[in-house]
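Take a look at the sequence and the model below.

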Amino acid sequence: MIRAAGLVRRYPGFELAVDKIELPPGRFVTVIGPSGAGKSTLLRLLAGLEPPDDGGVEVRGRAVFLDQDRTVLERSVLANAAFGLQLRGVHRKEAARRVKPWLERVGLAGKLNQPAQSLSGGERARLALVRALATEPDVLLLDEPAQALDPANVALVEDILREVHSRGRTLVLVTHNLYQARRLGEETWFLLGGRLVEAGASEQLFTDPQREQTRAYVAGEMVY
Amino acid sequence: MTAGWPEIWEITGRSLRVAGAATLLAALAGLPLGVWLGARPRPGGLAAQVILYAGMGLPPVVVGLVLYLLFSRSGPLGWLGLLFTPTAMVLAEAVLALPMIAGFTLAAVQARAAGVRRLVRGLGGTERQVLATLLWESRRPIVAALAAGFGAAVSEVGAATIVGGDIRHHTRVLTTAVVLETRKGDLERALALGAVLLGVTLLVTAFLVVWGERR
């Protein structure tokens, strides 16, 4: 469950202000909007990585945030995948045992002992996803997890996210891919200029948006 | 060149002990300081960074002079009786090595801090785990910092002469011995001492680099 009220975050020349968020457990929300709309900022606020200037956020359950920069540590692929579990006190060997099936699933089983820095961008994205999922969080806050992946791997990531959702987890996914937002989301939020312009059932938001700005954005007419 | 001159090994041993202890002392203070300053913006952090970077160019003779005044019999710390002892040399060399170790560590940690913090905190880690991860992820540049600190300590001569006094069998180290032998005109011995100094620096650096490459 995620709840936020009167949320404000200010930077020089930008302000994110969201009046209210009420997200029951087990929802899959996709967040769309042009670059600079405040999507990543909102996600970082929900993750508690940044303090709001005003308002508050309440997240029930353990949340994990997956950043779009896909930081990898100067360790092997296996050690990187196991890192999240080790942070939670799981022994190195047990953590390695638990992440191996995940790594196999995302096609990295043959690279367990390679330095993670040697991976391609797409491989790093899959590794970062495994690292987050292996900790079995209640809430997943994902910033562009399928960015710059080839179509087969986009489909793989989407399958994994659907599966995680089917196990009752709450997901908030920021994406620039409108098709993906529509395919995956039960609910979609449209952000523009730091404001939550429209939020509603994904199918309705894409087929029958209530606001002109939303319609222009999803129709590809908005120049920004 | 070193055959028939066993004292050279005594001098080498003392150089290693003094520079090693100074590097250890500087690392104990400099590593946490560098990590703490580099991990996130701190009040006064920029001023501290300027002081540390400027400190990398501290003139050893000035450090030696200040410590001499502190430790001389009429100085505020004269009662400690440290002047012309290896301990005074350790302290002087630690003062010279500290800005290098802390400054290079700060720069290395600063470059990784934002990404590592988002990663660790995003996975539910604590601030302490952020610092531990930063320290481990910066281990290669930190090895360079330790090597630079040891290099500054072992090759230093001005402060060692002023606070150590180059006393035979007591405070004579490789650098002060090179100066002495050169002044005496025994260039063969001066060259031998210089070669040993270079060898020691190379060996210690090699040890640090291999240690830093461990997974």
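Ala97(B) touches Ala22(B), Thr23(B), Ala26(B), Gly149(B), Ala152(B) and Ala153(B), leaving aside residues up to four places away in sequence. The model is a predicted one. Ala97(B) also belongs to the largest nonpolar core, which has 130 residues. Ala97(B) is among the residues with the most contacts inside that core, together with Leu141(A), Ala92(B) and Ile101(B). Which helix gives the most to this core? The answer is α4(B), with 21 residues. In soluble globular proteins, nonpolar side chains tend to be buried together.

**Where the chains meet**

**One side of a helix**

Now take α5(B) by itself. The buried residues of α5(B) are Val130(B), Leu131(B), Leu134(B) and Glu137(B). They cover an arc of only 135° around the axis, so they sit on the same side of α5(B). What do these buried residues of α5(B) pack against? They pack against α1 (7–39) and α4 of chain B.

Leu193(B) lies in helix α9 of chain B, which covers residues 187–212. Is Leu193(B) buried or exposed? With 28 other C-beta atoms within 10 Å, Leu193(B) is buried, because 20 or more are enough to count as buried. Leu193(B) touches Ile8(B), Leu174(B), Ala177(B), Val178(B) and Glu181(B), with residues up to four places away in sequence not counted. Look at Ile8(B) in that list. Leu193(B) and Ile8(B) are 185 residues apart along the chain, yet their C-alpha atoms are separated by 7.2 Å.

**Chain A as a whole**

Chain A has 8 helices and 9 strands. Its radius of gyration is 18 Å, close to the 17 Å that the globule rule gives for 224 residues, so chain A is as compact as a globular protein of that length. The C-alpha trace of chain A spans about 50 × 35 × 35 Å along its principal axes. Buried residues make up 46% of the 224 residues in chain A. Now consider contacts in chain A with a separation of 6 or more: residues 24 or more positions apart account for 66% of them.

Most residues other than glycine have a negative phi. Glu144(A) has a positive value, and Ala148(A) has one too. Where do they lie? Glu144(A) is in the loop between β6 (139–143) and α5 (151–166) of chain A. Ala148(A) is also in the loop between β6 and α5 of chain A. The table sets out their values.

| Residue | Phi | Other C-beta atoms within 10 Å | Burial |
|---|---|---|---|
| Glu144(A) | near 50° | 22 | buried |

Why does Glu144(A) count as buried? Glu144(A) is buried because 22 other C-beta atoms lie within 10 Å, and the cut-off is 20 or more.

Note on methods. Residues numbered from 1 in each chain as written. Chains lettered and ligands numbered in written order. Predicted model: local features only at pLDDT ≥ 70, side-chain atom pairs only at ≥ 80, totals over all residues. Helix = DSSP H or I, 4+ residues; strand = E, 2+ residues; numbered from the N terminus. Rg over C-alpha atoms; globule rule 2.2 N^0.38 Å. Buried ≥ 20, exposed ≤ 12 C-beta atoms within 10 Å, placed from the backbone. Contact = placed C-beta atoms within 7 Å. Arc of directions from axis to C-beta. Core = buried A, V, L, I, M, F, W, Y, C linked by C-beta atoms within 7 Å.
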